[in-house]
Amino acid sequence: MNFTLDSFLATMIAEMPAGLLVAVVVGPLLIGIYFLVRFLRVNETSVQQMVHTLEQGGWVRRVKQVLLLSAIAFLVYLWFFKEGNGFKGLPHEKAIEQAQIAREIARGHGFSTKVIRPAALWQFEKELGSFPLEQTPDTYHAPLNPYITALVFKFMDWMNSGMKHLANKREYFDRYTYEDLMTTKQVVFAYDRIIAFTQLIFFLLAVLVNYFTAKRLFDERLAVFSVWFMLLCERFWDYAMSGLPQMLMLLIFSTALYLMVRAIEAKEAGGKHLPWLIGVAAAFGLLALAHGLTIWLFAGALVFTAFYFRPLGRDVAIMLGIFLLFYGPWMIRNQMVCGSPVGLGWYSGLYQVRGTETQIMRSMEMPLKGVSPTVFRAKIQNQIVDQMGGIYGFLGKSLLAPFFFIALLHLFKRRETSVFRWFVVSMWLWGVLGMAVFGMPDTTATKANDLHILFVPAMTCYGLALVLIMWTRLDINVRLIRLGFLILLFFVSGFPFLNQFIVLSVSAPTPPPVVWPPYVPPYIAILSKWTRENEIITSDMPWAVAWYADRKSLWLPMTVRDWIELNDYNQLKGQIVGLHLTPVTGNREFISEIMKGEYKEWAPFIMRNVNTKEFPLKAVTGLPIDGECVYYSDRKRWENSEE
């Protein structure tokens, strides 16, 4: 019996990742030990009192907390550690690009990147006269998420080295180690999972912050309901798994909302509200360092502050000063490294004004001629129409979130609750405008410029409050009907989540075990064996080459002539040795995008019918899956993988 149990546990632990082991085993074990110790310290009279308390419902709260933690642990297992249908790697290009920046930070190289954007070449040469190839500063992404990720990398690497040291003494610990570089023997990169799990932690912390906010605005019962609605919103889990910084942003934004609630409460009570507003400004400063687009939300916060708080203008000026203390140094850094305080990311606002974002970033010169505020009118108009048309999806498909707009017509008993919703409205309207100006070019459900997701918890709380108030006025006193109504709300709001839950729980694994198309990390990592560290690979997905192959990668320029000039005139020191094409270009519309669109110059290479005798990269080989990727090289490096 003991041998059988030991074999079962050993097998289970062997197959269980370290993160899941902590979440599922250690957590409940510590809780169980805590209650056991407390139980053993009591006498017979105390036991009778504890039983009486249990019968009266005194332990119900603790039981619910344990059940909630257990449910969260199980969901984490399904989404992140279940083989086959669970986590398959980072799916979003900007998350992958920020990941390789974080790795450079962890290596001590500063906020630098291995992704070479032709637009960055233009910017550096225009402003500074030369391109810093050896250590290229990134001027596109916001810094906070990569820096936090770098700290996580350092911590996990320290843990990993400790485990490897233990593994040298006992082979058992080897199962809890991981490779610090992607290899052809791996399927899912360990760091991909670390990044996604970090974002999940931010999400769970944001749930906790929103619980306290809802409790102050309404009551504990509604706050608990809001927690469950957040946990049952599939869009939050999608963003956590994407590796995008939205969950970090959600945590910071939720903190700003909580601090503003305290500021409003202090003003209504006749107390000092300025310290809370300083905290709000600091939170928005951090939020802007996580994503520059959130500056639009801060503008909305300033508008609300100007109208609500007195003396007029003082608090706005102080908040703006605090915000600049956080964000100003980053603008100074950008000015120093590239000659522009706004960096390169702000040029993405030319999306739909001067082509797609990929066209803009792949251009050797910014199409700034004739750009003025008037040319943005049609874009802003169309973007706002698109946002309003898909507002249900943008609000996480939460049934109750859209009811927030109806709740604006309701007069809540607590003045703080009534006032706070206008703070939310002001920020949301400015956020809609900001998203319209810069656009959301992503075709995936998770969008890098999505700010709507930040408002889902607050809007859901108000929507739920309104619906419950309307239900109460129906004066239906049948408990079963009330329970059925609540279940219906949870079911409709959480249906996408429940559907995914069933798929992960009972469905057979769905191949492939990677985010394909276009990413096959093992066969991207193989490029590192064919190239040296100082060599450059041109690619239509340079972020993946930089992350999985750990090589500098030039984003495919708009024209072949641009590429040849970069190669022949030694702008990149003659280090371009490969061209890597994937379904990013191969799966485009044949006529509209490949033959006549932005990739028309590279159509022969994409279609594999180019005469390489007249091209510097004369050797060519296909790559998995099913030869849908192709690699052009200066020589047949794959014949000697040591090169």
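Quick housekeeping. This is a predicted model, where local features need pLDDT of at least 70, side-chain atom pairs count only at pLDDT 80 or more, and totals for chains, interfaces and linings use all residues. Residues are numbered from 1 along each chain as its sequence is written, and side-chain values use heavy atoms, with hydrogens and water left out.

Of the 643 residues, 52% are buried. Take contacts, meaning heavy atoms within 4.5 Å: of those with a separation of 6 or more, 71% are between residues 24 or more positions apart. The protein exposes about 30000 Å², with carbon and sulfur atoms supplying 63% of that. That area is from the Shrake-Rupley method with a 1.4 Å probe, and for residues only the protein chains shown count as cover.

Now have a look at helix α25, residues 542–549. Eight of its eight residues are buried, so the helix is largely enclosed by the rest of the structure. Among them are W543, W547 and Y548.

Next, salt bridges. The definition is a side-chain nitrogen of Lys or Arg within 4 Å of a carboxyl oxygen of Asp or Glu. How many does a search of the whole structure find? The search gives 20. One of them pairs R637 with E535, with the closest N and O atoms 2.9 Å apart. That pair links distant parts of the chain, 102 residues apart: R637 is in the segment after β8 (629–633), and E535 is in the loop between α24 (527–530) and β4 (536–539). Both partners are buried, R637 at 1% relative accessible area and E535 at 9%. There's also a network in which salt bridges with shared partners join R103, E104, R107, K114 and D550.

Back to E265. This residue bridges to R216, closest N and O atoms 3.0 Å apart. Here too distant parts of the chain are linked, with E265 in helix α11 (residues 246–268) and R216 in helix α8, 49 residues apart. R216 is partly exposed, at 30% relative accessibility.

Last stop, the surface. Patches take residues with over 30% relative accessible area and no salt bridge, joining like charges within 9 Å and nonpolar side chains (Val, Leu, Ile, Met, Phe, Trp, Tyr) within 5 Å. V303, F307, L429, W430 and L433 make a nonpolar patch, with about 460 Å² of accessible area together. Helices α13 (295–308) and α19 (415–438) each put in at least two residues, and the largest share, three residues, comes from α19. L433 sits in α19 and is partly exposed, at 31% relative accessible area.

Technical notes. Buried < 20%, exposed > 50% of the residue type's maximum accessible area, 1.4 Å probe, protein only. Helix = DSSP H or I, 4+ residues; strand = E, 2+ residues; numbered from the N terminus.
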